[in-house]
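Subject: Structure handover

Hello,

The structure is below, followed by notes on what was found in it. Please look it over when you have time.

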Amino acid sequence: EIAKGPFLDIADSFLKDKTIDQLIRNGLLSQEFYKINSDKFPVYSRQLYKHQVIAIEKAVLGKNIVVSTGTGSGKTESFIIPILNHLMIEKEKGALGPGVRAVLIYPMNALANDQVFRLRELLKNYPDITFGCYTGETEESEEKALIKFKSLNKNLEPIENEMLSRERMRKCPPHILITNYAMLEYLMLRPGDKIFFSSVYSNNWKYIVLDEAHIYRGATGTEVSMLLRRLKAYIKQNDIQFILTSATLGDEKSNNKVVEFAEQLCSSKFDKDSVIRGIKSEIIKPSNLNNITFEIYSKIAYMLRENYTEDEIKKFIQNKHGNINENDSIEEILYDIISKDNNYYMIRQILNETTMTIDEIADRLKLKADNIVDFVLVASRAIKNGDRLFEAKYHMFIKSLEGVYITLKPNK
């Protein structure tokens, strides 16, 4: 076989906890966070995940942590919020001068660029905190950096606290430095770049963040471990705080090994409480369930693919199912219907037993594979109060081949 799959994988939503507003009122975070409240960063309305709150609490209290939660679980907020909080407190004290407070180390420039985009959105109305991305792609001069920025970001002007060029970052090191481990080593070696670690600007270093920490294994891990030791010795800071993130560091049974890995990589103290895992919300099965035919899901899937209006889809659901609140969104209506459908719980039960392909699930339920695909499409749209009912992913496994040969008739 050349390929296997597609396999269907589902995950429960993560358990929600406090809002940033509540953390501020509890005295954990600075009131400066109110100044960056926005649609992208709703301080009052959006509940953080439980594991995010735990990570923030531990980081703010000065603990080294490893955030090992799934894709899309908000690992970024787990370290960005403590870093911003530290900088905001410095600002409140009148001590927020130039110089790096946090370095965010990414394995790929694409991930570093994604973080720059997030910070640009987050800090566009908060110029006091500066940030800059220093990688092999960063232009030397401000003039060239500005031209490049405008070519990549049509109709956008850079915000004043984003440092685009190497020359500007050397003149006034940003509070948050985004880079990769190869460039970090260059910065420590090149005379012109040592400004980031000089006595004038190195007294306030606080955080080192290693994203995708699982890649630092073997020779690469040894190299990065030595680099971090040299960095700590260079800036003469013994209280550097480490935050590691990864979606693939095993399960809770692996925590002891994760602690050992983190300590060897960072040459700093971690313990079992340092490892933070995702906490899933519990799905409660109602006592009274419906049995909705898969033909209805297939029709809704067709309407979604063909971009029917919300009113048209609502009218179809009303005719086939009835008892919907027309003031609710399509996502909310689908959530209410599917959460009371026996088929939903049957599929969940099957996938909890073992990993299965779409064809295998269809055979088990005596359906066509297209029925399952349509159900997945519709169920993935079911969202209420920020909770997604059916967090689904497809996985396809394909062998690496030297070549593929076919036989053409009549001659082989």
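S30 lies in the loop that runs between helix 1 (20-25) and strand 3 (47-49); helices (H or I, at least four residues) and strands (E, at least two) are DSSP runs, numbered from the N terminus. This is a predicted model, in which local features need pLDDT of at least 70 and side-chain atom pairs count only at pLDDT 80 or more, while totals for chains, interfaces and linings use all residues. Residues are numbered from 1 along each chain as its sequence is written, and side-chain values use heavy atoms, with hydrogens and water left out.

S30 has a relative accessible area of 5% and is therefore buried (under 20%; exposed is over 50%, partly exposed in between; 1.4 Å probe, protein chains only). A polar atom of the S30 side chain lies 3.0 Å from the backbone nitrogen of E32. Apart from neighbours within four places in sequence, S30 is in contact (heavy atoms within 4.5 Å) with I24, N85, M88, I89 and E92.

I83 is in helix 3 (residues 75-92) and is also buried, with a relative accessible area of 1%. Not counting residues up to four places away in sequence, I83 touches A102, L104, I176, Y207 and V209. I56 is 27 residues from I83 along the chain, and their C-alpha atoms are separated by 9.5 Å.

On the sheet: an open sheet of 3 strands has the order 12-1-15, with antiparallel pairing (two strands pair if DSSP finds at least two bridges between them). Strand 12 (356-357) and strand 15 (391-398) each have a single partner strand and stand at the edges, so one side of each has no neighbour in the sheet. Strand 1 (residues 3-11) pairs with strand 15 in the antiparallel sense over 7 bridges. Within strand 15, F397 is the bridge partner of K4.

On cavities: a cavity is a set of points, on a 1 Å grid over the protein atoms alone, where a 1.4 Å probe fits but cannot get out, and lining residues have an atom within 4 Å of a point. Grid points are joined across faces, edges and corners, and a volume is the space filled by probe spheres set on the points. The count is 1 cavity of 30 Å³ or more. The largest cavity holds about 60 Å³ of space. Its lining consists of I292, I296, Y297, I300, I317, K320, H321, L334 and I337. Helix 11 (294-305), helix 12 (310-320) and helix 13 (330-338) each supply at least two lining residues, and helix 11 gives the most, with 3 residues.

Regards

Terms used:
1 Å grid on protein atoms, 1.4 Å probe; cavity = no way out; pocket = protein on both sides within 12 Å on 5 of 7 lines; lining within 4 Å. Polar contact = N/O pair within 3.5 Å; in protein donor to acceptor, adjacent residues only side chain to side chain.
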